Amino acid sequence: MPRWAAIAAIAGAGVFAAVDAVLEHSVGYPWYLSIPDALVGFAYITGGVVAFRAAYATAGVVAFRARRLDRTGTLMTAIGVITNLDSVALYVHALLPYAAWVGNLTVPLLAQLLLSYPSRVVRSRLERAVLAAAYLQVLVVNGAREVFVNLHHYYPCPCVHSFPTVHDPAVFRALETESRIAYVVIGGAVLALVFRRWQRSSGPARRALNPLWFAGLATITALILDDVAGFVRLTTVQNNVESAVVSVIQLSVPVALLIGLVRIRQSRSAVADLVLALDRTPGPAGVRQALASALGDPSLTVCYWEPENQSFVGADGRPADPRPPPGGAATEVTTDGAPLAVLVHDSELLDQRPLLDAVVAAARLALENARLQAALAAQLEEVRASRARIVQAGLAQRRKVERDLHDGAQQRLLALSLTIAMISDKLAASPGTDPDLTRLADTACGEISAAIGELRELGRGLHPAVLTNEGLAAAVETLAALAPLPVTTRISPARYPPTVEATAYFVISEALANVARHARASKAEVTACGDGDRLIVEVRDDGIGGAPARGGSGLTGLADRVAALGGRLTITSPPGGGTTIRAGLPCA
Amino acid sequence: MVARVFPLGRSGAAEQTETVIATLQARPGTLVVVDDHARFREAVGERLAAAGWRIVGEAATGAAAIDLVARLAPDVVLLDVVLPDMDGFAVADRLAAAGSASAVVLTSGHERGDFAGRLQSAPVRGFLPKEMISGPALATLLAGDQP
């Protein structure tokens, strides 16, 4: 149906509805009703007719404008127009038989609307057959029925119309009975088919379509009951009440359609919001956040494919597992046929395939960028981790060498020193010993003592035993005692991981050595205390300052070691203002 | 300063309980040497035996030391700090807890300063760096002075 035609039909329906409502109020509807009945009818007119027609017309226009639902909009508008037709016919009597003829098209139209929503076409063969039967019944059998009716039987008015008539009440009644039975049978079949469709849908799709389907089921049920009521003789009042109830139930269809449209619009605007969010917060974390909120799944995670390692990484560059947990599902995103990323999300999202596809399409470019960033982060993370491992391995190696020296060569030298001391003692004790021999033994004794001392210093430089045995506080006390200037210390007595203690110790040791060498300071102060999950080490002197920002080569090496542990070493040294070296070491 | 060093009758009739004035050297008694380095135990044994000490036992681990000291009840235990199974401080604690009357002297290739804090509170008579082990040094330490 061309768009202009649909718009014209909708506009026509709207004009009819307005004119109808005004006339009904001013002239009285229908004019042959008695007064009390008219009061009941008033509720029907105001509550039902006006709202009903306006609602169908509005829903039709709105649905038509939502592009994918133009078929639904056309059907909705058609229902509105056709239900208006009998009201129009009350004023334009020539239309009465035509209105009676096509007026029943409401049911097949409504059935088609329900069976084709939201996919535009009715695919099932059974559904098509039932629809065809419904249209056939209305257009052919109802048309024939009107041929045999005496309009004055229904409407005591002077009717002039062009509809061909035969006026055979017997044939009319037979066809009328057939119509009613067909109405119930076809209506029942549609009811069953709609119920089947509802049953086969699942999850969010079912939730999105629920309003329309329930409204459709209720309306068709009401129309069938309305028809069955035609077999029973009702009083005018009962008849009006029944009509009003049916009208109100029929109102639920356009309302439900509008609700469904709002839901669809919401998912559309979710994609629009996503595009804006991706623009505002780029980067892997921003992409994840934007996708999670667009899809309404806060648990959503994104795993990026890293072609270099043939593995998945998370936004932070760490290895990630793209397998969904129980109740989850994974959606693969590809770019030019190659894997790009996997979205791990709630499995219910699979029922919202169009939304998922739209979101993925909108986010693909951002995902590609995020993948590059994640790959970079992965490499950085790898470098960071390997740097930390190298430093830790270095420290462990030093500890091991120190232990090996102590347990091996040093023990032998110590034993040897005792033996030589004994020789020396014995020589001294025995009378008449060659004095040269005594002197040589004493020399050997002194040499061995010196060797032991040097070995001990070497071990201390590699890894001070006091640090392992007593912790940082005692180790720094030893350093302070050896320093050539007064050093005050304030060291937390807590123990920290060996790597942290060793790094802190070497920072303090190197800093104190620099103070002694360059600072021309009169005193220094060393502090080390925990700050959250960090150990803050500070060495401050009152010397001449002006130390280069990156320190000497010794401090540069230390800064690298501190950085390797994820910490930071800073040097503050204004000329004439002393020097402060500060290192923050993460202890986790 | 006065110290009681040798309990009555442990080392034979000739040795009575005696008071030793710090300036005098304590008379050697029985000794257990604990060190995981066999060659070092040997050297220490020779040196202290030459000074008159009677080496009644040797142990290479903390567990063996605790067992040995309980059986032999030596006058002195010369105990290395670094042992393969537990450190010398732990051994000293266990001995003290078991009510041992033996005097414990810790020794190590490390310096005294390397154990500063723990030496203060440990139930030991003193600390002797390994290269300084000798009869006179041990006697002086037992008499109450750090060498």
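Me: Leaving aside its neighbours within four places in sequence, which residues is Ala270(A) in contact with?
Reply: Ala270(A) is in contact with Ala294(A) and Leu355(A), where contact means that the C-beta atoms of two residues, placed from the backbone, lie within 7 Å. This is a predicted model, in which local features need pLDDT of at least 70, side-chain atom pairs count only at pLDDT 80 or more, and totals for chains, interfaces and linings use all residues. Residues are numbered from 1 along each chain as its sequence is written, while chains are lettered from A and ligands numbered from 1 in the order in which they are written.

Me: Where is Ala270(A) found, and why does it count as partly exposed?
Reply: Ala270(A) is found in helix α10 (residues 236-280) of chain A; helices (H or I, at least four residues) and strands (E, at least two) are DSSP runs, numbered from the N terminus. Ala270(A) counts as partly exposed because it has 17 C-beta neighbours inside 10 Å, given that a residue is buried with 20 or more other C-beta atoms within 10 Å of its own, exposed with 12 or fewer, and partly exposed in between, with C-beta atoms placed from the backbone.

Me: Which parts of chain A have the lowest and highest confidence?
Reply: Going by pLDDT, the predictor's confidence in each residue from 0 to 100, helix α2 (residues 35-65) of chain A is lowest at a mean of 54, and strand β7 (residues 534-541) of chain A is highest at 94. The mean for chain A is 78, with 77% of its residues at 70 or more. Over residues 28-48 of chain A, pLDDT stays under 50, and the model has 28 contacts beyond four places in sequence for them.

Me: Which residues of α1(B) are buried?
Reply: The buried residues of α1(B) are Phe40(B), Arg41(B), Ala43(B), Val44(B), Arg47(B) and Leu48(B). They cover an arc of only 165° around the axis, which puts them on the same side of α1(B); the arc is that of the directions from the helix axis to the C-beta atoms.

Me: What covers them?
Reply: The cover includes α13 (409-429) of chain A together with β3 (30-34), β4 (54-59), β5 (76-80) and α5 (135-142) of chain B. Just after α1(B), Gly52(B) takes a positive phi of about 105°.

Me: How many helices and strands does chain B have?
Reply: Chain B has five helices and seven strands, and buried residues make up 43% of its 147 residues.
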